[in-house]
Amino acid sequence: MAAVECRPPEPEADDNDNSIHVSLIDAIQNFTDLDISLNKLERFLRVLGFCQYSILSTALSWLAFFVISIIVPLLVAYFTYCSNCERYKIDHFELEVLVSQSIAAATSLLCISHNLRKYRIRKLLFVDRYHGQLTQFSELYLKKIRVFYYLVVSWMTICFLLKITRAVTRAVYLYDGSVLWSIGIVVASLVSWAYSTIIFLVGTALFHLVGNLQVIHFEHFGKLLEMDMDVLVYINEHMRLTYYLCKISHRFRMFLLLEYLIVTASQCIVLLQTTTNQGIINFVNAGDFAVLSIVQLVGLLICLNAAAKISHRAQGLGSVASRWHALVTCNNDDTSVSGLSSDGRNVEAPKTLSQLPVNNSEGDLESADCMPPPTNIELTSTMSSYHKRQAFVAYVQSNPGGFSIFGWKVDRLLINTLFFVEMTLVTFLLGMTLTIKALLEFLLWEKLEP
């Protein structure tokens, strides 16, 4: 009787074995799917010329960029020149659009290819072998990679339709009797524009993907606090996350800074050209300005959204850790607030906690210096669990982390500052150009007056 009672039921053992077997199969399948998805992403980047792993691939990539993004649009502008278009300044506008578009695309190609050549795709995305093999992370990784493709395709489609409308309108306006010639000019201009635009958008979307993959771990950190683990485990995990954010900031800060400066300069040129132009401005001659502005602003907003999202998730961990500490402390007895019971023994946290709501919101905190996560640390302190949690909360609140550009934390505060700087610059240029234009017209009127 006693032997039978102590023996576990056979069906439950079979069910446990089957569940473990199914979970292992799912984990292997998800890991394989993640590797396949990463390989496809790398091939996609290789086709666009980002994977410059050798001298030959680097030369071919930049040769293709120079021919498609610079030579082809220059030839299109040269062969479509006509004397009756001079008053519309078509060629003058196209040259400025070409310069701004090519510089933005070249910056994206240069920065992303440098990071890929140095770190390759898995290290660049911080998809390490440990977290990549976990089922919960691999599934989320696959979703974020699909979001990357959706982001590129959706915005490329919207901008491409606008570009087609402008190119067809311009071809009809410059029609010289040759249908094949007009079709060839339109196709060449569309291919050149599509290549430069997708280079620019893929660079910004890849940075957005890197940020989204890190957001997964920040959101998981709140769930990690629900487990009854040693506080040192939480500290090591937080140090690993802040270290990854530091690496991301160092790898992409020049890319984000250069793109911001290029977009700002391009918008200033657009504003100056449209306000100081004495001729007619319509969709035929200035339509590319609208397309260029939309593409560059979309790319910049994608980058700022990713950077701000990383910073806010990192800064929100302070409130998550404080809430966890308060819940664990309040769930203990009154004698356990100090971490010690009446007989002098340590009182640990309860084994299970209720679902902790993770608040992924803002908190504009200062950044701390990022240090690589230490290895081989042994905890020899005899502090109570309460004091350990208190020290952990103080550490998280004083080391929020986040994406930074040379010490400037990219969060809502910085984005608001950039917005007001841009508005100030726009109003200054408008005031300067309109005032000078009105002054010149007044002087011309005084000179012509008898």
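**Ground rules.** I number residues from 1 along each chain as its sequence is written. Since I have a predicted model here, local features need pLDDT of at least 70 and side-chain atom pairs count only at pLDDT 80 or more, while totals for chains, interfaces and linings use all residues; side-chain values use heavy atoms, with hydrogens and water left out.

**Overall layout.** I looked up the secondary structure and found eleven helices and two strands in the protein chain. For these, helices (H or I, at least four residues) and strands (E, at least two) are DSSP runs, numbered from the N terminus. Along the sequence I read α-α-α-α-α-α-α-α-α-α-β-β-α.

Of the 450 residues in the protein chain, 44% count as buried. Buried means under 20% relative accessible area, exposed over 50%, and partly exposed in between (1.4 Å probe, protein chains only). I then checked contacts (heavy atoms within 4.5 Å). Among those with a separation of 6 or more, 87% join residues 24 or more positions apart.

**Helix α7.** This one covers residues 179–224. At 1.5 Å a residue, its 46 residues should span 68 Å, and I find its end C-alpha atoms 65 Å apart, which agrees. The expected span is 1.5 Å times one less than the number of residues. I also see that 36 of the 46 residues are buried, so α7 is largely enclosed by the rest of the structure.

**Salt bridges.** My search of the whole structure turned up five. The cut-off is a side-chain nitrogen of Lys or Arg within 4 Å of a carboxyl oxygen of Asp or Glu.

One of them pairs arginine 122 with aspartate 35, with the closest N and O atoms 2.3 Å apart. This pair links distant parts of the chain, from helix α4 (residues 90–124) to helix α2 (residues 10–48), 87 residues apart. Both arginine 122 and aspartate 35 are buried.

Next I looked at lysine 163, which forms a salt bridge with aspartate 288 at 2.7 Å between the closest N and O atoms. Lysine 163 lies in helix α6 (residues 135–173) and aspartate 288 in helix α9 (residues 283–331), so the pair ties together parts 125 residues apart in sequence. Lysine 163 is buried at a relative accessible area of 6%, and aspartate 288 is buried at 9%.

Which residue also meets aspartate 288 in a salt bridge (3.1 Å, N to O)? I found arginine 166 there. Shared partners join Lys163, Arg166 and Asp288 into one network. Arginine 166 is buried, and so is aspartate 288.
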